[in-house]
Amino acid sequence: MAVAQKTPSADTRSVADFSKEQELSAYRTMLTIRRFEEKAGQMYGMGLIGGFCHLYIGQEAVVVGMQMVLKEGDQVITGYRDHGHMLATGMEAKGVMAELTGRAHGYSKGKGGSMHMFSVEKGFYGGHGIVGAQVPLGTGLAFANRYRGNDNVSVTYFGDGAANQGQVYESFNMAELWKLPVIYVIENNRYAMGTSISRSSAEVNLSRRGLSFNIPGDQVDGMDVRAVKAAGEKAAQWCRSGKGPYILEMLTYRYRGHSMSDPAKYRTREEVDEVRTHHDPIDMARQRILEKKFASEDALKKIDSEVRDVINEAAEFATHDPEPDVSQLYTDVYR
Amino acid sequence: MPTEVLMPALSPTMEKGNLAKWLKKEGDKIKSGDVIAEIETDKATMEVEAADEGTLGKILVPEGTADVAVNTPIAVILGEGEDKAAIKVTKPAQQRKAAESAAPAKAEKSQAKAPETPAPKAAKAPEAPALQIASDPDIPEGTEMVSMTMREALRDAMAEEMRRDKDVFVMGEEVAEYQGAYKVTQSLLQEFGAKRVIDTPITEHGFAGLGIGAALAGLKPVVEFMTFNFAMQAIDQVINSAAKTLYMSGGQMGCQIVFRGPNGAAARVAAQHSQDYSAWYSHVPGLKVIAPSTAADAKGLLKAAIRDLNPVIFLENEILYGHSSPVPKLDDFVLPIGKAKIVRPGNDVTIVSWSMGMSYALKAADELAGEGIDAEVIDLRTIKPMDTKTIVTSVQKTARLVTVEEGWQQSGVGAEIAARVMENAFDYLDAPVARVSGKDVPMPYAANLEKLALPSVAEIVEAAKAVCYR
């Protein structure tokens, strides 16, 4: 049974009013993620990327909108569908792609791969391969903020699948008990690998999953970057003012399979096409930009071509960068 | 320039597939993301999406072709304004035929235009780095020795490190208001306050992960498990998140954290509360594992563990908590992690143990002395990294070895010690290594059976005599 896209709760259907700069910058970042992922899919097909590779195509508005509300010192942590999050935090496409190809100048020197990358500098705490494990970790990042008495927030992303892991609720309990500044962003893309949310979850409105802990939650149109930003703003303010955690359920959709080897037979082509045609976050942003005359077709084409250049350069780099030296086998086990 | 569409690899193991169906025909417009073909792999039928925009200029591999090697060009996409004439048939006709007639993947691959993936080199793994461990610090002559319980020594270690570094904090079940389920954290709340001595809900998986997250952010948590039996709830976080992150991040993000609490059998608490995890954690690269047997070692090693930049598993023992032994009265008594200690020198047989096992080992050595066997007893103190050198040097002298542990025998720490001695001192051994261990059963409740399930002084004496052929 296909799950109809739910209507977001009234208060977060509101969208942020984007300036020209915001609209264009969000467009560029979303497009960068889209092109990066398409290229990654292609390179996987060519055998340059190994193992598991989970693409973020379709969900770009979520990370880009959330990143717009963050400030210096805030932390981001997520699961294994993480390429978009890294690019949104400002990590370089070259380093991410070189990690995907397992090369020396990847963010983890080629030792982590698609699911395990980090950047202390950009406040990106991974990149975690065990479903749901990032939730207590992200709660711990928020604990550190509270311990240090700063007003930073931890943005802890997880999916509708991870939302059924026990450690998520252990984390909710401690986060509210200790008023930890953590925004739990549930990226509900409707499918936990091949299991639709209605087949896996007794309560499919995931924004309500914090109710018994008294954690407020909103459903958000995760395909509209402006709605994401508006909701993120509200949640961040809540956290920064010491009121504890906040849950944002982002209603989103992934166009590709769960990973590269997923034929995605659990949903219809029509369902995918419906979202792609009518709700694509990038197409919608493009349309708005043109309608509001923030940029001309030509100017947008120029952005497209600049983005392609960045991605092609990253792919080129990641293809020719050497593998890590064999001496790296035993380094970084201890420090 | 026209873009070639290559036969994609659609799983980590795919080398070839069947081109089942073309969903676009030559001349069709294509957008990035359009499904252009269906490919059958050994597992499923997959849709191939275009990654480029343009017009499908030419289909190079017709539908129905079987066993098309990954990276074979299957079609050409023309960009805006490009003409079909622009297609340079870079592949000779026979190559296409080869694909059609299901030629072996190898020939195909060599001619495909895709960037070469580095062939797996049969490189030899480099040597594991050698371990450099300092000796115990000299204790200045005239230093006052204070008798204290291991419980007090552990508390003092935490208190001293908390005074020294405000990033150190203690969390766990009942560590604060209750003063510790086994009173190890007694009075810490009073001195350091609720911000740094934190009672957690009963939620091992959650608070272990939370502690690791705080450590990733740069704090230095000491996480108490009420016992290590309950840490099995949290072992995924300990291994997957704490132990592996430094490596997975290429050295960028480490995790300075101590997990401590009583390990192994207490008394009459039966199977689920009486397990020794020494071998479990010592299996994992990235972790250090410590298990002291005296108050002084407990203090010096816990201080070292809290300062260590890596995740450390600190295995205590409930029975030993109340045992008193002398601790040097020094401002900052820190011991090196990874250094075994010869507790009783001897010449006839080496006995290696740690934690509670040392109580049995030392009593056995006394009995053996009465029978004219001079045993050397080594307290391992740190299980990982293991001080192989001290053990091997001892065996080179005594030529005989008995290991003693409470844990189960299979894949146990004793098995590891035996293997290392075989590798490093095979020619010195005059007898096979003997292992005294917990029996291969869940811990029974009945007092008589429990006693039988644990290693005993008598078993060690017997094993030592056996390896001495007496």
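This report covers the confidence, chain contacts, helix packing, sheets and backbone details of a predicted model.

## Confidence

The model is predicted. Its scores are ipTM 0.95 and pTM 0.91. Chain B has a mean pLDDT of 91, with 92% of its residues at 70 or more. One stretch of chain B, residues 92-115, has pLDDT below 50. That stretch still has 36 contacts in the model beyond near neighbours in sequence. Where pLDDT is low, the predicted coordinates should not be read in detail.

## Where the chains touch

Chain A puts 53 residues in contact with 55 residues of chain B. The most comes from α5(A), with nine residues. By class, the chain A side that touches chain B has 24 nonpolar, 21 polar and eight charged residues.

## α5(A) against α5(B)

Helix α5(A) meets helix α5 of chain B, residues 204-216. The two axes come within 6 Å and cross at roughly 55°. The pair is therefore oblique. The crossing of α5(A) past α5(B) is right-handed.

From α5(A), the contact uses Pro136(A), Leu137(A), Gly138(A), Thr139(A), Gly140(A), Leu141(A), Phe143(A) and Ala144(A). Facing them in α5(B) are Gly206(B), Gly209(B), Leu210(B), Gly211(B), Ile212(B), Gly213(B), Ala214(B) and Leu216(B). This contact has nine nonpolar and seven polar residues. It has no charged residues.

## α5(A) against α6(A)

Helix α5(A) also packs within its own chain. Its axis and that of α6(A) come within 8 Å and cross at roughly 20°. Angles under 35 degrees count as roughly parallel, so α5(A) and α6(A) are roughly parallel to each other. Here α5(A) passes α6(A) in a left-handed crossing.

On the α5(A) side, the contact is made by Val135(A), Pro136(A), Thr139(A) and Ala142(A). On the α6(A) side are Gln167(A), Val168(A), Glu170(A), Ser171(A), Met174(A) and Ala175(A). By class, the contact has six nonpolar, three polar and one charged residues. Pro136(A) and Thr139(A) belong to this contact, and both also belong to the contact with α5(B).

## The five-strand sheet of chain B

Five strands of chain B form an open sheet with mixed pairing. Their order is β17-β19-β18-β21-β22. The edges are β17 (341-344) and β22 (434-438) of chain B, and each pairs on one side only. From one strand to the next, the twist averages 25°.

Strands β18 (residues 349-353) and β19 (residues 375-379) of chain B run parallel and are joined by five bridges. Within this pair, Thr350(B) stands opposite Glu376(B). Helix α12 (residues 413-425) of chain B packs on the sheet. The helix touches β18, β21 (401-408) and β22 of chain B. Its direction makes about 150° with that of β21(B).

## The four-strand sheet of chain B

Chain B has another open sheet, of four strands in the order β5-β4-β2-β7. The pairing is antiparallel. Its edge strands are β5 (45-49) and β7 (65-69) of chain B, each pairing on one side only. The twist averages 40° from one strand to the next.

Strand β4 (residues 35-40) of chain B is joined to β5(B) by five bridges, and the two run antiparallel. In this pair, Ala37(B) stands opposite Val48(B).

## Backbone details to check

Two loop residues deserve a look. In chain B, the peptide bond from Lys384(B) to Pro385(B) is cis, with omega near 0°. Pro385(B) lies in the loop between β20 (382-384) and α11 (388-398) of chain B.

In chain A, Ala264(A) has phi near 55°. That is a positive value in a residue other than glycine. Ala264(A) sits in the loop between β8 (246-251) and α9 (269-278) of chain A.

Notes: Residues are numbered from 1 along each chain as its sequence is written. Chains are lettered from A and ligands numbered from 1 in the order in which they are written. This is a predicted model: local features need pLDDT of at least 70, side-chain atom pairs count only at pLDDT 80 or more; totals for chains, interfaces and linings use all residues. pLDDT is the predictor's confidence in each residue, from 0 to 100. Two residues are in contact if their C-beta atoms, placed from the backbone, lie within 7 Å. Ala, Val, Leu, Ile, Met, Phe, Trp, Tyr, Cys and Pro count as nonpolar, Asp, Glu, Lys and Arg as charged, and the others, Gly among them, as polar. Two strands pair if DSSP finds at least two bridges between them. Axes are lines fitted to C-alpha atoms, for helices over the stretch in contact, and angles run from 0 to 180 degrees between N-to-C directions. Angles under 35 degrees count as roughly parallel, over 145 as roughly antiparallel, 65 to 115 as roughly perpendicular and the rest as oblique. A crossing is left-handed if the near helix is turned anticlockwise from the far one by less than a right angle, and right-handed if clockwise.
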